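Morning, everyone. Please have a look at the structure on the screen, and then I'll walk you through it.

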2 protein chains.
Amino acid sequence: MIRDDNSNIMETTVDSRRVFDGIILHIDHITNRLPNGKTAAREVARHVGASAVVPVDGDGNVWLVKQFRAAVDRVLLEIPAGKLDFKGEDRLLAAKRELEEETGLTAASWIHLTDIVTTPGFSDEKISLYLARELSPGESHPDDDEFLNVVKVPLKDVVAGIMRGEIADAKTVCAVMMAWEKCR
Amino acid sequence: MIRDDNSNIMETTVDSRRVFDGIILHIDHITNRLPNGKTAAREVARHVGASAVVPVDGDGNVWLVKQFRAAVDRVLLEIPAGKLDFKGEDRLLAAKRELEEETGLTAASWIHLTDIVTTPGFSDEKISLYLARELSPGESHPDDDEFLNVVKVPLKDVVAGIMRGEIADAKTVCAVMMAWEKCR
């Protein structure tokens with residue numbers, strides 16, 4: 001679907017410069033040569049990337065976390081997830097670490113669902129999504145400045161919540177709908 | 001699922017300042033009071049928001065666009081979408097405009113699927129997702145610096161492509177999987 005001939009829409013980068021360096025965000029101004037020969041400015045938020053997990057237990061419940069998200073100024077219901085510790089970190093290991101930190105769970109079965117780019121119009125952030133099953137409980141140990149509540153919800157109810165528009169987090173919608181398609 | 005008691009995880013903003021003003025991105029440094037009384041710095045990329053559409057024709061095909069995305073330096077297969085012209089613009093009107101600009105299509109049936117926040121860890125970007133049916137063809141008129149190829153793919157094949165990990169764009173995965181759940 002994607003491969004075919006893309007020569008009429010390709011761009012090439014002719015200049016790139018860092019215009020902002022923050023704590024987690026780094027903004028590059030890119031100048032690209034367009035297919036018509038003109039150039040255009042593109043703004044890109046560089047991000048280290050992340051992993052996220054849909055943990056489904058033997059009773060068909062998904063373990064989710066509720067977190068206050070400053071960027072959207074509200075509490076969101078999300079699958080366990082977290083940033084990579086460094087660019088290029090093994091994404092499955094990161095998923096296992098974040099699952100255990102946030103929920104205390106470990107899992108014997110791991111399936112890679114897909115990798116998503118969250119917002120390719122302005123960022124290179126990529127999140128690897130996993131389905132984890134055969135769960136074992138343990139003790140959670142979130143980061144010092146991370147406050148969250150863990151909730152267990154039947155997978156079918158999470159899907160129903162998504163379909164009613166009650167779950168806004170994009171990685172959660174992607175991963176839960178894919179897990180639902182895979183498990184049904 | 002989300003409402004319950006969140007008092008133990010709430011944060012309040014005690015300071016906010018603009019640290020970067022770009023073309024489409026504006027970065028704020030926020031200082032939040034955490035549930036434990038400490039404060040923490042949060043970085044937020046402010047974005048105007050967007051609308052996106054899954055257009056499904058009478059033969060069960062989804063109309064998609066292939067675009068080069070500078071932020072991820074590759075061609076992505078996506079549902080038609082575009083930024084709002086201004087903060088607070090009517091999101092259904094924006095969806096109709098973007099569908100027509102990118103594909104030439106108009107639609108007689110519109111269903112709001114959900115609103116997603118693409119990456120709430122660092123941005124407030126919200127995208128409204130719609131399912132459009134009863135399509136009528138017309139002439140596309142993309143923006144001057146917008147180059148794209150329109151492709152028609154059966155909905156079930158798009159879902160299969162998502163499940164094989166071939167479609168990376170998060171809004172496309174969210175909207176197509178929700179349209180699939182709604183149409184099946």
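Predicted model: local features only at pLDDT ≥ 70, side-chain atom pairs only at ≥ 80, totals over all residues.

Let's start with the contact. How many residues does each chain bring? Chain B gives 67 residues, and chain A gives 66 residues. On the side of chain B that touches chain A, the largest share comes from helix 3, residues 170–183 of chain B. That share is seven residues. Sort that side of chain B by class, and you get 40 nonpolar, 14 polar and 13 charged residues.

Now, how are the copies related? Rotate by 180°, with 0.0 Å of shift along the axis, and chain B superposes on chain A. The RMSD is 0.0 Å. Such a relation is that of a two-fold axis. And which surface do the copies use? Of the interface residues of chain B, 99% are also interface residues in chain A, so the copies meet through the same surface.

On to the helices. Two packed helices are described by the angle between their axes and the distance between the axes. In chain A, helix 2 (residues 155–163) packs with helix 3 (residues 170–183) at an angle of about 130°. Their axes are 10 Å apart. That angle makes helix 2 of chain A oblique to helix 3 of chain A. The crossing of these two helices of chain A is left-handed.

Which residues make this contact? Helix 2 of chain A puts in A:L155, A:V158, A:V159 and A:I162. Helix 3 of chain A answers with residues including A:V173, A:M177 and A:W180. By class, this helix contact in chain A has ten nonpolar residues, no polar and no charged.

Definitions and conventions
Residues numbered from 1 in each chain as written. Chains lettered and ligands numbered in written order. Contact = placed C-beta atoms within 7 Å. Helix = DSSP H or I, 4+ residues; strand = E, 2+ residues; numbered from the N terminus. Nonpolar A, V, L, I, M, F, W, Y, C, P; charged D, E, K, R; others polar. Least-squares fit on C-alpha atoms with pLDDT ≥ 70 in both. Axes fitted to C-alpha atoms, helices over the stretch in contact; angles between N-to-C directions. Parallel < 35°, antiparallel > 145°, perpendicular 65-115°, else oblique. Left-handed = near helix turned anticlockwise from the far one by under 90°.
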